[in-house]
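Biologist: Could you open the model so that we can go through a few backbone and side-chain details together?
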Amino acid sequence: MTSREDHLVELVDDAGRAHGDTTVAAAHQPPGQLHRAFSVLLMDPDGQVLLQRRAAVKTRFPLRWANSCCGHPRPGESLAEAANRRLKEELGTGPVELTEVGVYVYYAEDPTTGRVEFEYDHVLRGEFLPAAPLRPDPDEVAELRWADPAALEAELDRDPRSYAPWLGGVVNRLLRPSGAPSGAPGSTMIPSGSSADDAAERSGGR
């Protein structure tokens, strides 16, 4: 395991209440253990969102396009502290002020690596200043690009296999901060055999 796979994550229930911890590696082994995570969306003044293509060495969903930065707070670590830590590690930028725009729970299996994502995901928006430096770590990020969020949502419908399975829910929370999935009120349980190509989100309830 890499050192990051040894880091501790916070286990939570469906309401986001902490009840213990485990390692990153253990949390992502099938059938998965629900744990706290965050997804950061950096926005420029024109409303474009920064996307990263995950590096080929990633153990989960490598070479898929995802939001600006993802990660897990360590047990007892605040979301803002954890997210800014990962922004620095992945993109060489920050710190930035972050606003939580929603939470949702999702489950997805990586058909390539066999790892599982089962996360209580806090979606965080941050304002990116055009003059701020970006120095992506090649072990984390293969490439970067800016995208219009509404156009990205349409592209996710057309070509979902190019994107990380959580990105649709993250963009949904950005565009609809109330947290209600478009056309899908209530909760939908994900079957344990769902893959990244057919897994939908399960609402986190806020």
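Modeller: Phe-61 sits in the loop between β4 and β5, where helices (H or I, at least four residues) and strands (E, at least two) are DSSP runs, numbered from the N terminus. This is a predicted model, in which local features need pLDDT of at least 70, side-chain atom pairs count only at pLDDT 80 or more, and totals for chains, interfaces and linings use all residues. Residues are numbered from 1 along each chain as its sequence is written, and side-chain values use heavy atoms, with hydrogens and water left out.

Biologist: Is Phe-61 buried or exposed?

Modeller: Phe-61 is buried, with a relative accessible area of 1%; buried means under 20% relative accessible area, exposed over 50%, and partly exposed in between, using a 1.4 Å probe and protein chains only.

Biologist: And what is the phi of Phe-61?

Modeller: Phe-61 has a positive phi of about 55°, although it is not a glycine. Most residues other than glycine have a negative phi. Leu-63, also not a glycine, has a positive phi of about 60°.

Biologist: Where is Leu-63, then?

Modeller: Leu-63 belongs to the loop between β4 (49–54) and β5 (65–66), and it is partly exposed at a relative accessible area of 38%.

Biologist: What is Leu-63 in contact with, leaving aside neighbours within four places in sequence?

Modeller: With those neighbours left aside, Leu-63 is in contact (heavy atoms within 4.5 Å) with Arg-53, Arg-54, Ala-55, Ala-56 and Ala-142. Ala-142 is 79 residues away from Leu-63 in sequence, yet their C-alpha atoms are 7.1 Å apart in space.

Biologist: Changing topic, which side chains make polar contacts with that of Glu-140?

Modeller: The Glu-140 side chain makes a polar contact with the side chain of Lys-58 at 2.5 Å, and another of 3.2 Å joins it to the side chain of Arg-86. A polar contact is a pair of N or O atoms within 3.5 Å; within protein, one must be able to donate a hydrogen and the other to accept it, and residues adjacent in sequence count only if both atoms are side-chain atoms.

Biologist: How accessible is Glu-140, and where is it?

Modeller: Glu-140 counts as buried at 6% relative accessibility, and it lies in the loop between β8 (116–127) and β9 (141–147).

Biologist: Last one: which peptide bonds are cis?

Modeller: A cis bond joins Pro-30 and Pro-31, with omega about 5°, and the bond from Gly-94 to Pro-95 is cis, with omega near 0°. Most peptide bonds are trans.
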